[in-house]
Amino acid sequence: MTSIKKSYLPPSLVSNLQEVLVSRKGGGDGEEPSKLEESEVPALSIDGTGSMEENSKPVVLVTNGDGIEAPGLTVLVEALVREREFNVHVCAPESDKSVSGHSVTLQERVSVTSAEINGATAYVVAGTPADCVSLALSGALFSWSKPALVISGINKGSSCGHHIFYSGAVAGAREALICGVPSLSISLNWKKDESRESDFKDAVDVCLPLIRAALRDIEKGLFPKSFSLNIEVPTCPTTNKGFKITRRSLWRSVPSWQAVSANRHPSAGNFLSKQQSLGIQLAQLSRDASAAGAARRLQSQRKNVEIESVAEAGKPDTQRGTVTKYFRLEFLAKDQEDTEEDLDFRALENGFVAVTPLCLPLHVESEMQASASDWLAAALTRDE
């Protein structure tokens, strides 16, 4: 893969240079001008991001919730670049914002740094996925302000049910929808001790036909404009049973707040939050300490904290007049009683690629379902 050649020359100057080069090729002796080699023509770029040919392609903006270095984003961008049909731009968070929801950074300085991704124009943003999409569509970062399509993902962990409100990946797609730009959010139903990073590549292969169909129909004006599509890929993408239009369920894992000690051992107090199986955020103890020693320290701390939380509740520090406590949030798995086959999490568990239309006004849900179903059926039929 080659990097895009940059040019900052104005179009008028490029045109003049082309004419001069053509006349020189002709040799001034009446001979037909020889064909101008592509390498001899300065690449024209509206915003310094690519050649004339590159800028004629539809712009696809990619963001995610897991951060710029996440494998799901990397394999997705690489696959889009290999297609050679899209002008791929990336604007993604610098760190994991997978459960940041639709939060934005207001009235604070946000740093943006260029990133090296072969074949794509990429920036890293010290903000949330919603920040990334909002900035990219503002016209302040790129020369364009409305790409053909925004893709957010591939997220590590499902965003079914109520987890769409926590999901940074879904928020990125939702921000595009708010701005009037077609969007997709993609998540892989990652399961600890079962999933592998190679599953992201398989998930991309599963979703590429749908991405191609969306871009084709966007160009023709056939893609529905009233909603975003949330695509949930099953744990084993290669054995999926096909695409299935689903309804957003009321599924939600159980939030569990645990009191923690302010004096916990430094190496035992590093918790890494990561959205995992079915959107569950699991807090994991840092590997800096041995598992056994860390477990003993944590158990001891929890006992101490329980005593503090019960016995000292409401008793302010006589010196400072305030009470400070420390807690940690975990999401715990919960069995679901819903058995309807067209719910997002149920279809995902049954091995389907769940495609759920998400809109802003909730009262048009039935119309949205019918429109999405008609489009998906037609798109997949044309690809066969």
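**Rings, charges and burial**

Analyst: Lys244 lies over the face of Phe352, at 4.8 Å from the ring centre. A charge sits over a ring if NZ of Lys or CZ of Arg is within 6 Å of the ring centre and within 35 degrees of the ring normal. This is a predicted model, in which local features need pLDDT of at least 70 and side-chain atom pairs count only at pLDDT 80 or more, while totals for chains, interfaces and linings use all residues. Residues are numbered from 1 along each chain as its sequence is written, and side-chain values use heavy atoms, with hydrogens and water left out.

User: The charged end of which residue sits over the ring of Trp190?

Analyst: The distance to the centre of the Trp190 ring is 4.3 Å. The residue whose charged end sits there is Lys156.

User: Are the rings of Trp190 and Phe200 stacked or edge-to-face?

Analyst: Rings of Phe, Tyr and Trp (its six-membered ring) pair if their centres lie within 6.5 Å, and planes under 30 degrees apart count as stacked, over 60 as edge-to-face and the rest as tilted. The centres of Trp190 and Phe200 are 5.5 Å apart and their planes are at 20 degrees, so the pair is stacked.

User: Is Phe142 buried or exposed?

Analyst: Buried means under 20% relative accessible area, exposed over 50%, and partly exposed in between (1.4 Å probe, protein chains only). Phe142 has a relative accessible area of 2%, whereas Tyr123, at 21%, is partly exposed. Phe142 is therefore buried.
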